[in-house]
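Visitor: I'm new to this one and would like a walk through it. Could you show me how to read its features, step by step?

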Amino acid sequence: MPKIVVKFFQDFRELTGVSSMEMNVDQPMSLLTLLNILSEHYQKLKPVLEDFERKGSAIILVNGRTPIDASSALIKGGEEIAILPMMEGG
Amino acid sequence: MGKILRINLTDKKVSESSLPEEYVKKFVGGRGLAAKILYDIMKPGIDPLSPENKMVWGVGPLTGLPVQAASSGWVVTTKSPLTNTYFRSRCVSNLGIMLKRAGYDFMIIEGKAEKPTYVYIENGEVEFGDASSLWGTTTDLAQYILKEHILRNPKVETAVIGPAGERLVRYATVQCSTRQLGRGGMGAIMGAKNLKAVAVYGDKPIPIANEELLKELVREQIKQLAAAHGTKRMQRYGTAAIHALINQIGDYPYKNFRETYYPNHEKLNGEGKVRRTIRNAGCPTCMIMCWKFTYVKEGPYAGAWIDGPEYETFWSFGGLLDNPNLDSVIYGNVLADKFGIDTISAGVCIAFAMEAFERGILTTKDTDGMELKWGDEKVIIELIRKISLREGIGDLLAEGVKIASEKLGRGSEEFAMHIKGLELPAYDPRPVKAHGLGMVTSNIGGSHAIGYGTQEVFGLPTRVDRFSLEGKGALTVYNQNRLAWGECCIWCTFPTRSEWHKPDVLTKIVDAATGIDFGGIEGALKIGERIWNLEKAFNVREGFDRRHDTLPARFLKEPIPSGPSAGQIFELEPLLNQYYEARGWDVATGLPTRAKLEELDLKDVADELEKLGKLPY
């Protein structure tokens, strides 16, 4: 069964208690569906993942790229998902 | 309207003039007005390290006011010894506030002192002091002695050069309290003028046109900043917050930009900085508090402390050189600040030397017996010292990577990582097209901080596909104009470009502070565009055109070999065409046109360029 790797960064590691996790993907799903699953699994993440695009509360990368629309981005298995807090700097 | 102070170090003449109101309406203040003043007083073709070069120090309309993220920024415009272009360097320290309280918005420094000198400005009085006893001292010692023992006033704000500035290291900095005029070799220009230090004290009140309205607007600004998720992250991590992100998107230059993903990045991420942070701080009146004082408690670098390191230094003394030892990065940062060199340029010069050594172009005969191996922290530390003091191989690297590679030859120009002579920062241009285009077309060379592609990197204020070429010319123009206006005011770049505080509130704050209607957001972007065109015209006068808007061959020929951005190159020509079209410039030459310059109320500039034969039509 295809798997994905989900990586958490910075204080999201404190919210989840892990730096990464693996997940089986039975069938393709939208990125938004995946984030809902993660929100249920890691309840402390829910406030930042819920409506994150409008709130600007997180940066979600799929294989290093930011999907323009999380509801239409498809996760098929084999992807690396990175979940980072919103940030600035440089 | 404010005043301009003019100081000639050669004959010690001092004069004052008033800022013309029309200049303020067209250029606001800060970078905009400093660029205008510089453009008017500089002749093209002069050597940046000669007495003919001038530095224009300037503050903004919000300097010293109770406004968030704007009160302590100040700028210097000049001609850079690294790039031979127009340059603006930006600093945050109380020196700007003191200059304004002393009665000045701008200060021109020109000429060359006969012997090491400091200049002290106190409420309208200017004194030239003998700095012979300070010459040779590190920046921390120079600031301490000047404030506590020579001027005997700890409230004085200082800007000093270290041994690197005295030795004309082309990327020498000016240290201002714990912050710097970091890029472009401002310290070398002061060194060439025999100017060890500038000190300022002022206690005059700063007028506000509409104080009640300003307070009301700042309350709204505070609400917006408090609600932004990124504010909390900057409070915790400072600018190092973005280390993990830049690596995850495959934009983190590793081993002199050969790769863009650093496998050891976990050892250098923001958490390590948090563990070593002993004190949060920030600019006066700013709630974000992104400064981090870090301290090394144990190990070979125990005792080292710094206001930093910022993200760029994490990278330039860390990941760029394959050095995952954070304590050594902190120690390297300490040395760079004490000697007075730019950590970005220094790191890129060291990376260049390491690649040259790996390729056999440099050998131990050139390096005083040192093996320049990737990741060797002791070598990195020693090279920082050698560059600062121009010792051995450090003398070559102190010239900057462009001149160093031209002197070294043997194909080393291909891996000298700079744009127009300014060493590149911690972003690979290949996988971020607008961000990269911003660096390529920058009027100050390879800077990330003058047209940052926030849309591609953070997805703020809107998400944009970073690999796509579509619309990237216009996006780059927008980002450059937006920042040019922001630096007139002088807003902190981080919350402004990502719109944590909203542009409409910011424009109203500037109007309330000055009593001038600058035309809202549309007016702000027009002012930004005017400034960008004026800065461009400065460079056109110096002989720059489309041929100079380029970047190292590595980015054009070598696809990124692996990681999240594998396969990407920088599509220079189509992106440049888009950019010049969006600017309304001549695409073939990359030069501004009369129609565009006149649209921006810069007819005098168009006339001058025409006389010089540098106006395409």
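Visitor: Let me start with a strand: which residue stands opposite A:Phe8 in β6(A)?

Guide: A:Ile83 stands opposite A:Phe8 in β6(A). Before we go on, some ground rules: this is a predicted model, where local features need pLDDT of at least 70, side-chain atom pairs count only at pLDDT 80 or more, and totals for chains, interfaces and linings use all residues. Residues are numbered from 1 along each chain as its sequence is written, chains are lettered from A and ligands numbered from 1 in the order in which they are written, and side-chain values use heavy atoms, with hydrogens and water left out.

Visitor: How do I read a sheet, and what is the strand order in this one of chain A?

Guide: Strands of a sheet pair through backbone hydrogen bonds, either parallel or antiparallel. Here the order is β2-β1-β6-β4 in chain A, an open sheet of 4 strands with mixed pairing. Two strands pair if DSSP finds at least two bridges between them, and strands (E, at least two residues) and helices (H or I, at least four) are DSSP runs numbered from the N terminus. β2 (20-24) and β4 (58-62) of chain A each have a single partner strand, so one side of each lacks a neighbour in the sheet. On average, neighbouring strands of this sheet are turned by 20° against each other, direction ignored.

Visitor: How many bridges tie β6(A) to β1 and to β4(A)?

Guide: β1 (residues 3-8) and β6 (residues 80-85) of chain A run parallel and share 4 bridges, while β4(A) and β6(A) run antiparallel with 5 bridges. A:Ala82 is the bridge partner of A:Lys7 and also of A:Leu61. As for cover, 5 of the 6 residues of β6(A) are buried (under 20% relative accessible area; exposed is over 50%, partly exposed in between, with a 1.4 Å probe and protein chains only).

Visitor: Now helices. At what angle do α17 and α19 of chain B cross?

Guide: Two packed helices are described by the angle between their axes and the distance between the axes. The axes of α17 (residues 433-440) and α19 (residues 472-489) of chain B cross at roughly 60° and come within 9 Å. α17(B) and α19(B) are therefore oblique to each other (under 35 degrees is roughly parallel, over 145 roughly antiparallel, 65 to 115 roughly perpendicular, the rest oblique).

Visitor: Is B:Asp322 buried or exposed?

Guide: B:Asp322 is buried, at a relative accessible area of 16%. Its phi is positive, about 60°, although B:Asp322 is not a glycine.

Notes: Axes are lines fitted to C-alpha atoms, for helices over the stretch in contact, and angles run from 0 to 180 degrees between N-to-C directions.
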